[in-house]
Amino acid sequence: MAEIILYGIIGSPEDKCDAATVCATIRAARGPLSIRVNSPGGYVMEGLAIVAAMRAYQGGRVTAYIDGLAASMGSVIAAAADEVVMAESALWMMHKPWDASIGNAEEMRKDAEQLDRVEAQIIGIYAKRSGLEHGELAGMLAEETWLTPEEALAQGFVTSIAEPLKIAAIADLTPFGFRHAPAATTEKETQMPTPTPTPSDPVAIERGRIASIMALCGKHGLPETLRDELISKGTALDAAREIILDRLATRDDVKNIGHCNPNEQSWANPAFSFNAMQDALFARISGEAPSAPAKELMGLSLVDMARDMLDRQGVSGARRMSPKSVLDTFNGRGKGGAKQPQAAASGGWMGSGAITQGTADFPDLLTGTGDRYLAAQFAVASNPLKKVARKTNAKDFRPKTSIITTEFSQLDRTPEFAEVKHGTLLARSESYQPETFTKQFTLSRQAIMNDDLGAFADTLRIMARSAAEIEATILAALLNSNPVMSDGNALFSTAHGNLIATGSGGPPTVASFDAARVKLASQRDPNSGSYLEVAPSVWLGHTTLGGAARVVNGSQYDPDVANKLQRANVALGMLNDVIDTPRLTNTTAWYLFADPEQYPVLEYCYIDGVEEPQLDSKEGWDVLGMAYRIVHDFGAGFVDWRGAVKNEGA
């Protein structure tokens, strides 16, 4: 005899209640099959697939045991069994299937028709089990009907009632959006019961009522105004529980728990809808092609998207709200524009005040889109000077140093049983530290209502270029400065063996390239004195010299030969890249750099690996709307001199 445990959300792989797992187990079973149910429901199509597998099972009778809760799709699966045994302490619930939809009228009508077809299938399963008429069952689904074991038996949904089981039942149903769940199911079974005061102690009764209401409201994050109202009006504890449950059902419908597979790629999934909206906004401001889901939303304005979010969060009448009302509601403002206490206390704007949800809200939509566009524009504006520097990461803003490896240039000859010597790792004396660069701007309330994304995109583009410009300015200033290093000599100097001085140097030619190559290869290990044989990788110079450098690096024959003899170019392909920039103040000087990953000379860093400027947001105070702040952490400095050569030119 095989047994399947459906304890959890139907369709959840984590609970092992998904159709792929359950159907495979059913097909592999032999003999009578038991299915133990303790579920608040789940994704309809997953459940219908399980029902089909149960009906196709030929190994023997299928018996469903309802151990705790058979709600929503959980009761549909139980009803499909040949026999249904319900524990004395269990509950049965049935309701209409539902989904979330977005689109034009015709698309929404199609979705509604699909729901009608699904409901007809569910009613057919219940009817086959109970023998009740379809019309009567449709009414029971519309009312969200809860049944005790006795009621379920009387109406034919179960075939027998068993002794109650001591199980860890799903008791807290508040997150599942059920509107009429019995009060007994709204308290977690794992909590210790509160002692019931005797009728002869009215003070204790009142204290218990107040304490319970405060605990319930605090636990579920409900507003203090609701808590105070229930306490001051003397609302009985059972009635207060019903009010709290109804409020939670309205608030948490957006989560689709018990109804929708959270991984489902459909409009019923709030995360899917949010991502599609963000893709649509990004496509509008960037000009890139939208994703397939985003194409359907390209015609929606910012206010339309905000209105859809309110509707998904269960805000009554959201579809009929004016643009001003939509933004005021997200802002936590009541009638007349007065900000509600709970919104003011949270300091939030557009979703972080009166309306708080586990899903993303309108500010997240704007900020996420802006962050994505900012990163894309920053990548476009990135300066080429970073190609001669090594990128690193910093944990904080303290001065950053790197390591010099000494006595590692060559291995030591070690006779038998002789001591193996240690190489030493020393910190470089050179250091630098990252800094923070910021700027802020405001997207006005009027711009949002007018769907003016142009100003938002233009500002982000300017900010991205500004962040890239900061990096380029810092790197160029370092290169132009030729600073004194920790040994008392300039970075590029005769003492360091990496300078071809004026008079000896000249413009980019095959000969000058080769002379710089020789200088670079002649650098020595600071301790052992052995040659490092550093190879050049990148040429850097002023824009006026870039063309000549590319000719030298790319010509098959020596372009400097006056008599035009076809002499081989010994500098051909010497470099992996040629970079020219007008930021260098010396228009005749140029450099050869080794691969910065192998022999770093110039280094730059970011904090915690965040390479792009970041976009933060909060409610505007001086100006109505959304205040944005760009933050970029960056630092750079020279760390060594052995990986580069400078030719000072003519």
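1. Two strands pair if DSSP finds at least two bridges between them. Strands (E, at least two residues) and helices (H or I, at least four) are DSSP runs, numbered from the N terminus. By that rule, 4 bridges join β15 (residues 590-594) to β19 (residues 644-647), and the two run antiparallel.

2. A word on the source. This is a predicted model, in which local features need pLDDT of at least 70 and side-chain atom pairs count only at pLDDT 80 or more, while totals for chains, interfaces and linings use all residues. Residues are numbered from 1 along each chain as its sequence is written, and side-chain values use heavy atoms, without hydrogens or water.

3. Now the whole sheet. It is open, with 5 strands in the order β12-β19-β15-β13-β14 and mixed pairing. β12 (499-500) and β14 (577-581) are the edges; each has a single partner strand, so one side of each lacks a neighbour in the sheet. Helix α18 (residues 510-521) packs on the sheet and touches β12, β13 (536-542), β15 and β19. Contact means heavy atoms within 4.5 Å. The direction of α18 makes about 45 degrees with that of β15; axes are lines fitted to C-alpha atoms, for helices over the stretch in contact, and angles run from 0 to 180 degrees between N-to-C directions.

4. Look at β19 residue by residue. K646 is the bridge partner of Y591. W590 stands opposite N647. On the β12 side, 2 bridges join β12 to β19, running parallel, and L499 stands opposite K646. In a regular strand the side chains alternate between the two faces of the sheet. Here A644 and K646 point one way, V645 and N647 the other, and all are buried. Buried means under 20% relative accessible area, exposed over 50%, and partly exposed in between (1.4 Å probe, protein chains only).

5. Where does T369 lie? T369 is in helix α15 (residues 362-381). T369 is buried, at 3% relative accessible area. Beyond residues up to four places away in sequence, T369 touches Q278, L281, F282, I285 and D364.

6. Next, the cores. A nonpolar core is a set of buried Ala, Val, Leu, Ile, Met, Phe, Trp, Tyr and Cys residues joined through side-chain atoms within 4.5 Å. The largest has 51 residues; W92, Y126 and F157 touch the most other members. Leaving aside neighbours within four places in sequence, the contacts of W92 include I66, M86, Y126, L147 and F157. Another core, of 44 residues, lies apart, with W267, I285, L443 and A464 among them.
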